Every structure is written in C-alpha cells, then in structure tokens.
Amino acid sequence: MNQYEYDIGENDPSRVGFDFKGFLYKILNFWKFIVLSILAALAIAYFVNDRKENIYRLDSLITIDNDQNPFFTANTSISFNWGGVSGKVGNIITEIKTRSHNELVIDSLKFYKQYLEEGKYHFKDLYKGSPFEVKTLDSKPQVLNKNIGLRFLDEDTFELFVDFETDKVQCQIYETKEKLSISVNETSFSKKFRLGQTINLPFFNGVVTRKQNAAIAPNSLFYLKYLNFDTVVNQYKTAINIEPDSKDATSVLRLSLVGKNKAKIVDFLNATSAILRKTELARKNLYATNTIKFIDSSLNNVNDDIKDVTAKMNNFRKENKVFDIEVEMLQVSEQLKNYEQNRLVEESKLSYLNSLENYLNQKTDYTKIAAPTSVGIEEVNILTSVSQITALAIERQEIEYSTQEGSVIFEELDRRINAEKRVLLETIEVTKRTIGSQINFMNKEIGRLESKLLNLPKNQQEYLKIRRSLDISTEAYDIYQAKRGEAAIVKAANISDITVIDEAKDIGDAPIGPNKSLNYMLALILGVFLPILSVLVLYLVDNTIHTREEVERLSSIPVLGLLGKSKYENNLIVYDKPKSAIAEAFRSIRSSLKFIYGKQMSEERGKTLMVTSSVSGEGKTFTSINMATVYALSGKKTILLGLDLRKPKIFGDFNISNDTGIVNYLIDNEELSNVIYSTHIENLDFLPSGPIPPNPSELLMSDRLHQAIEQLRKEYDMIILDTPPLGLVTDALELSSYADATIFMIRLDYTKKGMLQLINSKYKAGEIKNLSFVLNFYKHKARYGYGYGYGYGYGLYGNSYHEKEEQSILAKVKNFVRKL
C-alpha cells in the first residue's frame, strides 16, 4: 500500500452514527425557514388571541347545616328531625347536577333566549345589556337556532327579518317543552312592527318593548335567538362545578361556573342557590305537611260529629223540660265520659296503626307518612322507625334523577328501608295488641258504669249520653286543633338548611382565558420545534451527500478538489473563461495530481487519468473535458478518450461528429490514427466513442484497447479517460486497469451516500488504485463558521484573480436575498 492508499474500513457508512454537527449545520442552513415559522406561529397566536372571546370563572359559597328548628323542645310532641350533615352534603352535590334542578334554574332565568349584537369577529351576547326586551309567549312556538334580526327604524318602529334555508323550521313551545316542525311560506321574511305590539307569526310569538330609559339609535341592528331548552339545560348541568371548599369544612360547598358572560354566570349561580334552598325547604317540610293533612282530615270528621251531637242536644232540649240529675249520677256520667274519651284516643291510635300497616304493605313511596304523634302515639320504636323510613325514602327520591335504576346505591337504600319496615311492622303488631287489651278493659268499665245509669229515667239517660258525646267531641276537637297548631308552628319555623355565605358577584375579575401569554409561548415553542422537527425528519430520510465533512466522515479516500456550480452554457470553461474560479479549481486539481503521479511525470511514458462517477449527471464528462483542457493549455500533449460507449456526449463541445470513433477501431474497421481528431484547443486531441455498439463491455475488454492505450502512452503526455458511471455498469472497472490515477466525481446534494459504500468496497478490494474524490456543485459556507479553508475550490480566491462576471438584475436580487 502506497502513501495514497488508505484503510477505509473504519469509515464504512453503515457503521456511522448520528452526525450532530451535520444536523446543527442543517438547522443553520434553514434559519430563514425557522424565523418565518416563528413569525407565522406568533401571527396565528395573535389572531387567535384577538378573535377569541374572554372566558371568566365566578363562584359562590353555600353551607349545609344540620336539620334544626328553633321551636323544637323536649316537650314538643311532633318531631320531624332526621338525617345529618354528611349525608345531606352528598345529596346536595348530586341534586345540583340533576336535570330537574337545572331545568328549574334555566326556566326561571329564560337562558334559552339570547340577545345578540354583531361584533368584529363573532356575535356578542348582550344579556342584560340589551336596550330592549322580548316577552316571549311561552304557550306558542318559537323558531330554534335562527338569528331573528331586529332593525330599529325609529323610536316606535322596528323591522323584524329572518332568513330560512328550507321551508321547514324546528320550533319549540317553552311552556310544555314540546318541539315541532313548522312550514314557512318564504325563505326570507321581513316585516315592520311597532314596539309593544303583540307579534303572532308561525315561527315567532312575543312582544318587543324598549327598556326604561334605554336609548336606541336609528338603524341599530340586534338579533334575537332561541335555543333548544334541553340543550341549554344539559350545557349548564355539565358546566357547573360543586365541591367542598376545603378538607376541614366539608359542609361548606363552592359552586363555580365558567362562561363568556359574567352577568349570566352571576345570575345562574345565585338562582341555583335560591332554587336549591327553596326545594330543600319544601322537602324538609314534607313530613309536617303530611301530618297537617292527616290532622285536617281528622278535624273534619270530629267537626261533623260535633255538629251532629249539638243538633241532637238542641232537639232534646226543645222536646224535654229542664230537670235536675243527682250528683252521684253526674259523677258516674263523668267517669263514663272519661273512659269513652280514652277509648276514642286508643281507637284513633289503632286506626292509625292499621292504616300505617296497610300503607307499608301496599305502597312503595314512603315519603307521605304522617307523624305518629299526631294521634298521640309516643312509642319510641315506632317514632324512630317512621323517621328512618321517611328519611331513607326522601334520600332515594333525591338520587333518582342522577342514578340509574338497578344501581348498587338503590339496592343498599332499598335493603335499609326493608329492614326498617320489618322492624316497624313487628312493633305495630305488638302495639296493636297492647292497645286492643286497653280497649277491652275500657269497654268492661264502660259497661259497668252504663249499668248504673239504667235506673235513671230514659230521658235523663239520653240527656247524659248526648252530653257525654258532645263533651268528648269538643275535647277531641281541641286536642286536634292543638296538634295542628303545633305542626303548623313547626312548619312555619322551619328554615332551609342551605345558607348562602357568599353570593356570586362580578367584582371585575380578570378573564381566565384565553391565556394570551401561554398562547404566545406555545406559538414560539411550536414555531421553533416544528421546523426543527421537519429538518430532523428530512435529515434522517435524506440519503444524499451535502458537505465535504460528510464525505470525509464516510470515507478515507482523499478529496482532491472542489468545483463550484457552472453557470456557463458549454463545458469548455477552462478554455473560454481561463480566469474563472472553476478554471482555477481545475488547475488546483492538476497540481494535486502531481503528488499522485510523482516523478513519473518526467518520464517519456504518458500518464492516464480516469474520470468516473456513481451515476449519470454528477459532472464526469464536464470534468474530463476541462481536465484535458487544463493539461493541454499547460503545454502537455493531451488526448481525451470518450470511452462511455453506451451514452456518448463529449463530441458536441468540440463540434466533432461521432460517426466514427474508438468503436470502429475496436471492431477493426479503422486504424487508430483515422479516428483521432484535432480540436481547436492547442495540444488537445479527441478520440470520440463512435457509434453505440451492442456489446460495449466485450469491446472494452479486448486486446485492441490495450494496444491503443499503449500506443497513446507513447504519443501523448496525458491521456484522459471519460468512462461510464461506476455505479451503473461494470465498464469503468474494466478500464481502471489502464488508469494511473482515478477521479471519482461526487455531486453535492445529488450523489447518494450508499454510493460511497460501493466505491469504498471497490477501493478496499484493490479493484481501483490511486483513487481521489472531486466534489462538484460545492458552495462555500464560511460565514456560518464551518468553511473548508482550502486553497482551491470555487469562490476561495480573491476577486482580483478572476474575471468579473456580469450578472443580470434578477441574479443580483437573488444574491442579495441569500445574504440576508
């Protein structure tokens, strides 16, 4: 191995890792693209921030207290307390997210009706800021999701207009929430109306009025829009958020809502709290209300009895004279009255227990049970069981809106209700037997006392009987009245266990979105990241060679020279433009070849230089012509051989016909001297390829080619061999045996990296000797700090050594832009 042969095993492209330095250079090459990407991303962020509506979050605080009533005392006979704070908090959280609750809120606020004004980028929701209001006739249909235009012409008149895409429109009657399809006669409706006039149209029914002290400029344009009630309810049901304010205060709940209109958020949160307090209080009063209803029915019955007994007493007195009854008999009658009164109380208890037993066995809704104390039942077990069953039934009713039937929650509640019900039914049976025994005892005593009164005259017996009935009914009436009053006081004194600590209020809170700073930051990150990612992808999938460093990293074969991109129409640059940078680059390559040829250049035997490449289009022919020219101009007798028999193209630059050439010599049709042509360049002869043969490889392997090369070595100082591409056919390998030095052309941004692996293997196997690379289409990039600093190559010499090239105005503009 001589000094120009290198071990290239370590530079196998298949063994090279990621080139971070090359990737960095690639990014620097695309700096303009990255800057444009950043500017574009920031512009998009600006337009997004400018077009998006502000988003706000407001909240309110409520607290859940335990069931209490200021009139409950140790002596209160009617009690309606049950439950606790912890269970109620969960129920309240569930209820706020139910559809039924949100329907009440939306219905009270009429959020299905929107007042709109056209803004710069979108419609603005005026809500309370509208100078007019529309009283909707909820019993009649209103068109859904259509902008109904209202153009105010003067102080009293406005124009109502709306455009329809089809002859059928969807409407809704908000009173019943029914949706229906209505036909319209015209796709574009417009009509004038007066303020305060009732408007009855197929798609709109209402009255438009001006708000008090509101001014509306002539030709002011507003819009009215009706929304699907169910859609609005679902929107707010999903949007509202409720959670404990802190871990320590679980009974304090924070309600929050995010939206674009702060006034709407405030009203919704406050209406939610108000309706929640109202429904919770009504539920809390349910037990007392049922008890009052029960007592009222009993009072009606007692009142009817009093009327009947009073009528009998009046009739008796009219028909009989007043008489005196013995004191002893009056005492017996009073005792009899007490027993009968007590029996009536016990019979009332028994009747209540029978009714309660039937109710428990036949009904499933246990929220309508009257208080046992309303009839004087003080049995603790009965009071406790009724209270527990009622509380559990109300709890089950509360979660029916948000929990699917068959849920484990329902199963657990039903199990607890059934367990309490079994205990209550057993207690009722025991209590009924006890009351029955007491009634039997009273009946015996009543019979004994009645027997004592049998000795009295019949009219006195009848008088005492009527008097006892009247006294019993009157006392019963007084008892029921007292209990009803007690129940009414309890109900009236009830207060909601939900208290608003902090109402929702607009105090000038800053919007939570859009986060303009974050949008700009994301735009900046994406503006940098996306182009870099794109460059990375392009870099990873890019298999072409771009820089000298890549060549040196992928192969140890030396780089002999650098050629810039030719801007000339023909290939004779060295001859036509001897002071150009490219001509100087070829002279530099010629000088470098001296080190390869060594002292052999002084010998009489001519030297051969083979020029090849991996594929067509890499500058092989261009280099062959100009290397031949640069040697000829230096005084060397030079011949250029066109040995690319498959695709010949050199002859055109010398205005020589390709009709006859070396092919004719190789097939023994012509003598070698007959196919050699002189060119207009001094010391340069040309041997064209001639007609394209059917067997080029066989011809190049013939002995006649060997004889021709040997003859030319005697007659010429330099023999330049223009060969076929090495990566496409094997002809170049056949010719390499004649080459004293070989130039392999690499066109930057064109030649594939895999081709270096091919030439490395050929070189390592010894199939090609004295091999060097010449880089074509090279661009100097020293302003990025990674120029190559060699004394040859395009653009590296001072302008004083080169001819000044004339540029068009367009070319000057392009060069100026490149320098930016």
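## Salt bridges across the chain

Asp 506 and Lys 262 form a salt bridge, with their closest N and O atoms 3.0 Å apart. The pair links distant parts of the chain. Asp 506 sits in the loop between β16 (498-502) and α12 (516-541), while Lys 262 belongs to helix α6, 244 residues apart. Asp 506 is partly exposed, at 39% relative accessible area. Lys 262 counts as buried, at 17%. The model is predicted, and the count of salt bridges comes to 28.

Another of these bridges joins Lys 128 to Asp 267, with the closest N and O atoms 2.8 Å apart. Lys 128 lies in the loop between β3 (123-125) and β4 (132-136) and Asp 267 in helix α6 (residues 262-284), so the bridge ties together parts 139 residues apart in sequence. Lys 128 is exposed, with a relative accessible area of 53%. Asp 267 counts as buried, at 14%.

Arg 704 pairs with Asp 668, and here the closest N and O atoms are 3.3 Å apart. Arg 704 is in helix α19 (residues 703-715) and Asp 668 in the loop between α17 (662-666) and β20 (677-678), so this pair ties together parts 36 residues apart in sequence. There is also a network of salt bridges, which links Arg 99, Glu 103, Lys 179 and Asp 230.

## A buried arginine without a partner

Arg 590 is placed in helix α15 (residues 581-597). This arginine is buried yet has no salt bridge. The nearest side chain of opposite charge is that of Glu 584, 7.2 Å away. A salt bridge needs a nitrogen and a carboxyl oxygen within 4 Å.

What does Arg 590 contact, leaving aside its neighbours within four places in sequence? The contacts are Met 627, Val 630, Tyr 631 and Ser 634.

## Strands β5, β8 and β9

Strand β8 (residues 168-173) pairs with two strands named here. With β5 (residues 142-143) the pairing is antiparallel, over two bridges. With β9 (residues 178-183) the pairing is also antiparallel, over six bridges.

The hairpin of β8 and β9 has four residues between the strands. There, Lys 177 takes a positive phi near 65°.

## Helix α21 and its buried side

Helix α21 (residues 753-764) has 12 residues. Its span from first C-alpha to last is 17 Å, close to the 16 Å expected at 1.5 Å a residue. The buried residues are Lys 753, Leu 756, Ile 759, Asn 760, Lys 762 and Tyr 763. They cover an arc of only 165° around the axis, which puts them on the same side of α21.

What covers these buried residues? The cover includes α13 (548-554), α20 (731-735), β23 (741-747) and β24 (771-776). After the helix comes Gly 766, with a positive phi near 85°.

## The chain as a whole

The protein chain has 820 residues, and 46% of them count as buried. Its secondary structure comes to 22 helices and 24 strands. Among contacts between residues at least 6 apart in sequence, 79% join residues at least 24 apart.

Methods:
Residues are numbered from 1 along each chain as its sequence is written. This is a predicted model: local features need pLDDT of at least 70, side-chain atom pairs count only at pLDDT 80 or more; totals for chains, interfaces and linings use all residues. Side-chain values use heavy atoms; hydrogens and water are left out. The expected span of a helix is 1.5 Å times one less than its number of residues. Buried means under 20% relative accessible area, exposed over 50%, partly exposed in between (1.4 Å probe, protein chains only). The arc is that of the directions from the helix axis to the C-beta atoms. Contact means heavy atoms within 4.5 Å. Lys and Arg count as positive and Asp and Glu as negative; His and the chain ends are not counted. Two strands pair if DSSP finds at least two bridges between them.
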